[in-house]
Amino acid sequence: MHRKLFLLIAFLGLATAAVAQVVLSASTDKTALSLDDELTLSVEVTGISGNVTMPQLPSLPAFNVYSREVEQSTINGRTTLLFRYTMVPRFVGNAEIGPITFSYNNQTYRTDPITVRVYRGNAAQTTAQTAAAHAPLQADTQPDPHLPPLEAALSKQAQAKAGEPFFLVAAVSNRTPYVNEAVSLSVRFYYSRSFYDAPYQKPTVSNLFIEDEGSVEGKQTIGDMVYHYQEQRYQLTAAEPGKATIGPAAVRYKTGSSPFAAFDRLFGGAAVSPDRTVLSAPITLSVRELPAGKPASFYGAVGSGYTIKAQASSDRVEAGQAVNLTVTVKGPGNLKATQNLTFPALDGFKIYPAAPESGRIASSARSYKTFKAVLVPAASGIYTIPSFAWSYFNPDTHAYKTLQTDPLTVTVVAATKTESGFNFSNAQVSSNGVQALTNDILYLKMIHAPAENFLVKAGRLYLVNIAAIVLLVITFLFAVLGRKKLVRQKIWVHTKAQLKKASSAQEIADATCTYLAQRLDIHTGSLPLKDILATLNRHGIAPATSKAFAVLWRQLEAQRFAPAGFNANNHAELAAYASRVLKQIEEELK
Amino acid sequence: MKRWLMLGTVLALFSPIFAQEDLRQAEELYRQGKFSAALTSYENCLKNYPKDPFVYYNIGNCYFKMGSKGLAAANYYRAFRLAPRDADIRHNLELTLAAGGERLVPAGVPVVLHKLFFGLSYNELKGLVYILFWLTCLLAWIGLLRRKLSYWTLVACIGLTLCAGWLYARGRLEQENLAVIASPSAEIRSGPGTNFPASASAAQGHLVTIQDEKDAWYQVILPSQGLRGWIEKDTVEKI
């Protein structure tokens with residue numbers, strides 16, 4: 001019995017001891033990441049009960065913390081609290097998350113510091129390993145040898161002023177930026193004593209756009225003194241190449257001199273010190289001009305780690321319905337200052353661009369710019385919205401880089417209602433209910449053109465023209481010049497036939513006279529023989545032939561005036577003789 | 001020898017099928033929206049059919065879909081010169097020219113008259129004039145031989161004269177050094193160089209008449225606006 005009681009007491013005692021043991025652990029989801037990435041820091045507290053306070057995070061100058069979640073679970077009376085912090089790195093290099101402290105029942109628990117490696121752009125190691133830090137440890141106050149440049153510059157200035165109770169330092173991440181390249185400016189007010197009412201005056205700038213990026217607080221040991229600081233962060237972008245200046249920032253502070261200083265100050269007493277002012281050193285930047293060779297799609301963005309994404313509100317719409325096209329660019333720097341993306345004409349769509357929107361991504365050094373356009377398809381079909389190009393200048397590589405969105409496919413189905421709500425300039429509604437939506441080119445020809453017709457083929461036969469001309473000329477010459485010869489031949493043939501048929505002297509005489517008249521234009525009506533012979537001579541008739549003709553002529557005259565002395569035989573002989581003489585003349589005329 | 005003859009016969013029989021196949025492949029690319037690839041295919045096709053108006057028409061379609069309305073207009077114009085009666089070619093040419101603020105049918109000219117004037121291609125018109133000439137020669141020949149010119153010879157002569165005038169007018173248009181603005185916009189300068197001020201700018205698809213050339217510049221006239229000036233050769237496409 002006693003033994004059982006002892007065992008029960010021992011069990012309860014051990015259980016109570018187990019319940020009372022508090023464990024604090026911290027871990028990150030990755031040990032290496034890029035500037036674009038997010039880091040989740042998980043802090044887990046187990047073995048607690050009742051009201052608890054939040055864990056105390058160390059100063060995190062290398063991160064922007066913008067999200068915090070708490071998760072609570074209780075099992076067997078043991079409560080576990082899980083705190084998740086989402087952070088975005090600010091600088092390239094090794095970033096350390098210092099020890100996290102947690103106070104519970106007048107005891108303070110600490111975690112090990114965690115170091116993560118931050119890379120530029122997308123160069124982060126993809127094989128990020130989960131790191132965990134467990135077990136309490138003492139705070140490490142040694143300076144981090146892997147501080148980023150901005151932090152290192154601030155620390156260096158602070159080291160130089162070690163010992164002063166109040167001082168102000170300012171530093172930039174880059175003194176020789178390109179036009180429109182984002183530059184971080186931090187102004188840090190260190191104080192080792194309490195103060196009252198310390199208004200801050202931000203620095204004045206020239207040739208720079210300045211944007212507030214919020215403030216952080218922290219604690220740092222310089223020399224052998226522990227300082228608290230308040231840091232104001234800005235982002236600067238230069239508008240023009242050349243010199244740009246950042247004037248001094250100022251903090252005007254008052255300190256108290258007695259435990260009742262607050263009351264004394266309330267009543268205007270002298271326990272509060274007069275106004276003192278600390279100034280930061282002015283900074284001069286040398287802004288570089290962007291190199292030549294800007295792509296057509298360069299709109300002025302300078303930096304690295306930009307992303308672009310195109311999105312359509314729907315991939316299936318009816319003809320005439322609107323599709324919202326959104327192209328979002330994210331990246332460092334001030335994207336508001338960049339020029340607007342130009343939407344090219346898209347076949348089959350009417351485009352109505354909207355005003356772009358820009359802003360800063362919450363708790364991040366990155367900004368965004370969104371370009372929107374309303375696309376209205378005119379007719380059904382499957383359309384491809386081509387990719388959009390967007391270029392930026394990367395100051396690390398000193399080169400322009402072009403990003404492309406993925407092409408989008410939109411299926412447009414026929415409209416189920418005619419009221420589209422949009423006014424198409426080419427639209428016409430006919431009386432039969434057919435609505436012309438747009439004027440497009442007609443479709444392709446699926447076949448080759450028909451073979452050349454006979455007209456085209458005839459057009460090539462230009463040699464035939466020459467032949468036709470030659471033939472025509474020949475015909476003309478033949479018709480004009482050969483005519484006389486034909487006539488002459490015809491006269492002789494006709495005369496010869498008449499002489500052959502002649503049965504009287506009169507017929508022989510008529511045939512001879514007709515021949516002379518038609519062939520030699522000698523009209524013998526009243527012309528004496530002498531004149532006829534003279535004419536024959538002029539036509540080149542030989543004297544012998546003329547003499548023969550004279551004989552013929554006299555015989556014809558004799559027959560005409562004394563016909564009684566002639567018989568039929570005489571007529572035939574005379575006709576034969578006339579035929580011979582005229583034939584001779586004909587030959588000589590040739 | 002016999003085998004070669006048989007092979008030749010088979011190839012001759014199937015060559016129209018092969019010819020249509022390349023068009024089918026190009027059409028498939030066009031239908032998929034791959035206009036650039038379709039264009040390359042049609043341009044290869046043009047090497048085998050340099051006088052095919054339908055290939056020029058299809059090339060014009062590809063350029064139109066790629067947004068190059070100037071080059072589209074140039075190719076539609078080439079197709080129109082070869083096949084002026086084709087309604088599709090006329091439609092696409094008119095649409096493309098209208099996009100550039102130009103008209104195929106000059107203002108004030110009835111469309112019917114324009115269609116009549118371009119009822120035959122230049123080569124067809126030349127063939128018609130040749131045939132009329134041969135007919136006239138034949139009738140004259142017969143008339144000369146018969147020593148009597150017939151009434152039909154006179155009719156043929158009148159027809160030949162009219163068609164020859166028509167051919168002359170079309171020839172003047174054919175010889176006109178027509179070009180189209182092919183770049184998105186082109187500046188017209190007062191001299192052949194960028195040191196001369198730009199007097200006007202013309203959007204792509206505008207028709208210009210080339211008057212002269214010097215180095216990398218053309219002297220042009222914009223008939224629709226009556227402008228005259230110098231333009232860079234790279235910005236225009238000769239038709």
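Mentor: Before we start, one term: two residues are in contact if their C-beta atoms, placed from the backbone, lie within 7 Å. Also keep in mind that this is a predicted model.

Trainee: Got it! So which residues of α2(B) meet α3(B)?

Mentor: On the α2(B) side they are F35(B), A38(B), L39(B), Y42(B), E43(B), C45(B) and L46(B). Their partners in α3(B) are V55(B), N58(B), I59(B), C62(B), Y63(B) and K65(B).

Trainee: And what's that contact like by class?

Mentor: It has 10 nonpolar residues, one polar and two charged.

Trainee: How do the two helices pack, then? At what angle, and how far apart are their axes?

Mentor: Helix α2 of chain B covers residues 35-48 and helix α3 of chain B covers residues 53-65. They pack at an angle of about 160 degrees, and their axes are 9 Å apart. Angles over 145 degrees count as roughly antiparallel, so α2(B) is roughly antiparallel to α3(B).

Trainee: Is the crossing left-handed or right-handed?

Mentor: α2(B) passes α3(B) in a left-handed crossing.

Trainee: Let's zoom out. How many helices and strands does chain B have?

Mentor: Chain B has eight helices and seven strands. Of its 239 residues, 35% are buried.

Trainee: New topic: how many residues does each chain bring to the contact between A and B?

Mentor: Chain A gives 27 residues and chain B gives 36. On the chain A side, the largest share comes from α5(A), with eight residues.

Trainee: What classes do those chain A residues fall into?

Mentor: The side of chain A that touches chain B has 17 nonpolar, seven polar and three charged residues.

Conventions. Residues are numbered from 1 along each chain as its sequence is written. Chains are lettered from A and ligands numbered from 1 in the order in which they are written. This is a predicted model: local features need pLDDT of at least 70, side-chain atom pairs count only at pLDDT 80 or more; totals for chains, interfaces and linings use all residues. Axes are lines fitted to C-alpha atoms, for helices over the stretch in contact, and angles run from 0 to 180 degrees between N-to-C directions. Helices (H or I, at least four residues) and strands (E, at least two) are DSSP runs, numbered from the N terminus. Angles under 35 degrees count as roughly parallel, over 145 as roughly antiparallel, 65 to 115 as roughly perpendicular and the rest as oblique. A crossing is left-handed if the near helix is turned anticlockwise from the far one by less than a right angle, and right-handed if clockwise. Ala, Val, Leu, Ile, Met, Phe, Trp, Tyr, Cys and Pro count as nonpolar, Asp, Glu, Lys and Arg as charged, and the others, Gly among them, as polar. A residue is buried if 20 or more other C-beta atoms lie within 10 Å of its own, exposed if 12 or fewer, and partly exposed in between; C-beta atoms are placed from the backbone.
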